[in-house]
Amino acid sequence: MEDMETTDPDSTTINNSKQDEAEPIEEDVPVKAEETEEKEDDDEARAEATFRFKVENLSKLQDSVLSPPCIIRNLPWKIMIMQRSSQNGDRTQKSLGYFLQCNGESESSAWSCNASAELRMYNHKDDNYFKRNIDHIFYSKENDWGFSIYMAWNDVLDPDRGFIKDDSVIFEVKVNADAPHGVSWDSKKHTGYVGLKNQGATCYMNSLLQVLYFTNVLRKAVYKMPTESDDSQKSVGLALQRVFYELQTLDKPVGTKKLTKSFGWETLESFMQHDVQEFLRVLLDKLEMKMKKTCVEGTIPKLFEGKMLSYIRCKNVDYKSTMSESFYDIQLNIKGKKSIVESFQDYIQTETLDGDNKYDAGSFGLQEAEKGILFENFPPVLHLHLMRFQYDPITENPVKFNDRCEFPELLDLNEFIQDKPGANKDDMKYKLHAVLVHSGDNHGGHYVVFINPLGDGKWCKFDDDVVSRCTKKEAIEQNFGGDGDDTTAVRHCTNAYMLVYIQQTRLTEILSSVGEEDIPEALSNRLQEEKKLEGIKRKEKAEAYLYMNVKIILEDSFYGHQGNDLFEIEGANMLEFRVKKSSTLKEFMAMMSEEMKFPVERMRPWPLNSRTNNTLRPSLTEIEDGNKAMSEVAENQTQWIIYLEMMTPEQPGPSLPTFDKDKDVMLFFKYYDPAMKKLHYMGHLYLSISTKLSSILPKLCQMANIPTNSKLLLWEEIKPNFTEQINDVEQPLEHILEELMDGDIIVYQLDVPQPNDYELPTAKEYFKDLFYKVEVNFCDKNKPLDPGFTLELSQRMNYDTLAKRVAAYLNTDPCLLQFFKTISYRDGPGQPLRCNFEGTLKDIIQFVRPKQVRRVYYQHLQISISELENKKQFKCIWISSNLKEEKEIVLYPNRNAIVSDLYEEARRCAQIQLDPNGSGRLRLIEIVSYKIHNIVSPEMAVETLLQQAMSASNKSFRLEEIPVDELEIQEGDYLLPVAHFSKEVYTTFGSPFMIKIKKDDTMESVRARLQERLAVPDKEWEKYRVALVIQTKAHYLDEDDKIINFKDLRGLQQGMKPWIGLEHLNKGGNKRTRYCTEKAIKIYN
């Protein structure tokens, strides 16, 4: 064979020059007829096929050649052969290029298909194969994959090698492909099931939803939950019923947006991957709560709850201590374990208590003992979480273990169960029902699930919206993890992370078929009606381009308007009609006449046009040409706003007066009252453009109900903050009003005597004041999501006026308020305003984005703003002596204050309440991630603490009264922090505290004092486990008389301070510390 380097797999679309050292591998595998001949298979959706391509006249090959297509997974696959050249030093070497092409002629860019293949070349001489393997995701930009240097060209043409015969070479490809995405793949047709759409990063949720759906007993119970009166937007139960119903009845992938919306999730939360175990636990908890006091109450624990027994058993005497706990899932360690059987063995592995760690067995004294766990019973449906994601306390990040860990199709758990007389051993045999698989690393990846829906060994792969049949090997063996026979990076990081087993003796019951009769008729009718309404809405949306919206405003809406133009378009009361664009104006007017029960001849439409000076005024439309299409009349606007003039009862005649567009003009009139600082809409008039304004002054007086000989001031309202006084009323309108147009507005008022006490004596000053008016929303910066209150203010007012207006609303002293500008990009409080701020309100809100609410933040002060600006502001938490009540307090020490000054300030401002029987002495605690990090020295500068708080978001400070028993610490005593945690020591939560450990304390006495400190009832306290945590490892303390040995505590470094951990369920729901950037999962509704 010619000495020639070979390349890694590549595409003809990639200029790939990367080379490896691998030599071609020849396999002495006899050619089997069933492998070389293309199968007579009409199933174009098949996952696997082998096909051949004979290339004749190979030695004369110049261009690439393609084989006829072979249909696999409904896509055309072809063999592509070409001659390739590559440069090796000064030599140009020829090679055979061998590629597999998928869907090559498709113009779509949205499809993809993952496949592995053997690219074979037949050897006539030895009747065997030369082959290379590929594994690739085919898509529009890489629709072929293979080898640019499959073999040296001379080696292919060498007759002694046996590949060429009569100048022909036979190429063969064996393809194994997953179901494609983005093409017409009918999951229902090929499998009988449908998938779930991915919202962005919800494949983890889709996998779990499919598992729960195929737990048929649970599905029946979900259907039976009473949701008739539930809110269709917020009900989690109804949303899950909807998903299950659609999975059962639809032929296309089902959406989950309504489900995540019912969770109370925002869009962003649907694009974040969450912890699968946590999501399952939260969802089942929510379902269990929804099922209470219904006919399906108890379904969740009956299906998923098991019990385990923690025990300590003495080796040499008859003494045993036990505690029973329930579980809904089991976390198995897979690191270094060959199978989950070994993981179970590790789970129940006993720990020997001997030497210094002997167990105190009461009257038997210190004894050697075994400490371990036994399972009392396993649930009918067993969820096993393989701990592939674990927290690394060194890097403070999660890591993923891709180790191989096998799991059987039939799992026998008899050796792990506590012996019970008469127990049926077959009850401990479990059949594998689902395998949830993750591809990727700890930063993210993709989730799919393999399910055996009927428990008959026929597996399906659920990959979001695509469902396909698969082999048992694909579902089980290929997801053990580890390298195996396939060393590709994708396969290496693809492995099972959760398994679902079902008790074999109850398999038929749990997987019993679910039919239409299992769905309550009321639920079915409601969901079908929803579908009908959605269909109507979709049709309307699809046909929206054929229609236009016509909004109609009537003259009634002009009355009471106090701003520019005739009305405020936002919030105006308008009638709305959906009209076909092709309908005529005449047809539209007839429809309005019928809707409003008003004759057509007594109505006239005036379209509202936006003028170049940013005003909105009526203008005339040619109603005489009634055969014009509405789209033409509206000048192709999709939304047309018109003022509909309607004849009033007091107007004479059967119809509106004629209007000559060339000789007449329609003017609107407003009357200004300076005493009330109000505008009054007076109506409109048709006037000839030659009319003298003086001739209608008596009419204007009559409209305003003032003497007809009153002296008037008149103004033309041109645009915001621009009014022009009309002085010569003897001229015709066409000369008085500049650019006379329909819809012009004249504002008039009584002549103002001089002097006067009016704040805004003329309409001109009124409109100027109006121009600077602005609505400002004021929010308390110390109240999260505070809606605040809104005041209408002038942008010209200064700081003092602003403070007085806000203080008057809040009924407080202006000096006890501090204001903050808004940071527009995140809509939050920014820098505080100083009380000597010299700008105006306009300067305070000038950086607000268009259409953004103009907002100013404030906070109440305990001292005057002028005094505050010479002090520091220090926020901390005050906790009551019984640890039950917490509140945030704000202290104002001097700029050079130390911590002891904070104590005096706290006492002085009366924000704290000391225990009458307490010590009266205070201390400041530094808290990091719900654990006490340090007791702050009284001599520490407050400025230093403020800098520390700014640099660490998870750090806070707490002020508390020192308990009497902690005032003096004797030699040999310890003052240890106590923190709450759930399952792992890094998942802390709640309010930590200190406890004094005396040198002669027993474990029992410490537990008793902890219970007393927290005032936890005995029954609840049984669920708490107490541990001494050293270097992130929990050493659990048992309830006995053994004296605590603290010798291990001496000499520990500063960063390794021990603390006492209380392990129990976090019922408070407060966010706990997390070891990765994902948010805690919450279902809010």
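**Close-up views of a predicted model**

**View 1. Strand β48 and its partners.** In β48, L922 finds its bridge partner in E961. This is a predicted model, so treat what you see here as a prediction. L922 belongs to strand β46, which covers residues 922–928. Strands β46 and β48 run antiparallel and are joined by seven bridges. How many of the seven residues of β48 (residues 955–961) are buried? Six are, so the strand is largely enclosed by the rest of the structure.

**View 2. Helix α4, wrapped up by the rest of the structure.** Here we move to helix α4, residues 203–213. Because 11 of its 11 residues are buried, α4 is largely enclosed by the rest of the structure. The buried residues include C203 and Y204, and you can follow the run through M205, N206 and S207. L212 and Y213 are also among them.

View 3. Which residues form the positive surface patch? They are K197, K252, K257 and R538. R538 sits in helix α14, which spans residues 521–542. Is R538 buried or exposed? R538 has 53% relative accessibility, and because exposed means over 50%, it counts as exposed.

**View 4. Two loop residues with positive phi.** Start with D167, found in the loop between α2 (153–157) and β12 (169–177). Its phi is near 60°, a positive value in a residue other than glycine. Now hop over to L785, in the loop between β39 (773–780) and β40 (789–794). L785 isn't a glycine either, yet it has a positive phi of about 55°. L785 counts as exposed because its relative accessibility is 86%.

**View 5. A cis peptide bond in a loop.** What kind of peptide bond joins Q754 and P755? It's a cis one, with omega at about -10°. To get your bearings, look for P755 in the loop between β38 (745–750) and α19 (763–772).

Methods. Residues are numbered from 1 along each chain as its sequence is written. This is a predicted model: local features need pLDDT of at least 70, side-chain atom pairs count only at pLDDT 80 or more; totals for chains, interfaces and linings use all residues. Side-chain values use heavy atoms; hydrogens and water are left out. Patches are made of residues with over 30% relative accessible area and no salt bridge: like charges are joined within 9 Å, nonpolar side chains (Val, Leu, Ile, Met, Phe, Trp, Tyr) within 5 Å. Accessible areas come from the Shrake-Rupley method with a 1.4 Å probe; for residues, only the protein chains shown count as cover. A salt bridge is a side-chain nitrogen of Lys or Arg within 4 Å of a carboxyl oxygen of Asp or Glu. Lys and Arg count as positive and Asp and Glu as negative; His and the chain ends are not counted. The place of a charge is taken as NZ of Lys, CZ of Arg, CG of Asp or CD of Glu. Helices (H or I, at least four residues) and strands (E, at least two) are DSSP runs, numbered from the N terminus. Buried means under 20% relative accessible area, exposed over 50%, partly exposed in between (1.4 Å probe, protein chains only). Two strands pair if DSSP finds at least two bridges between them.
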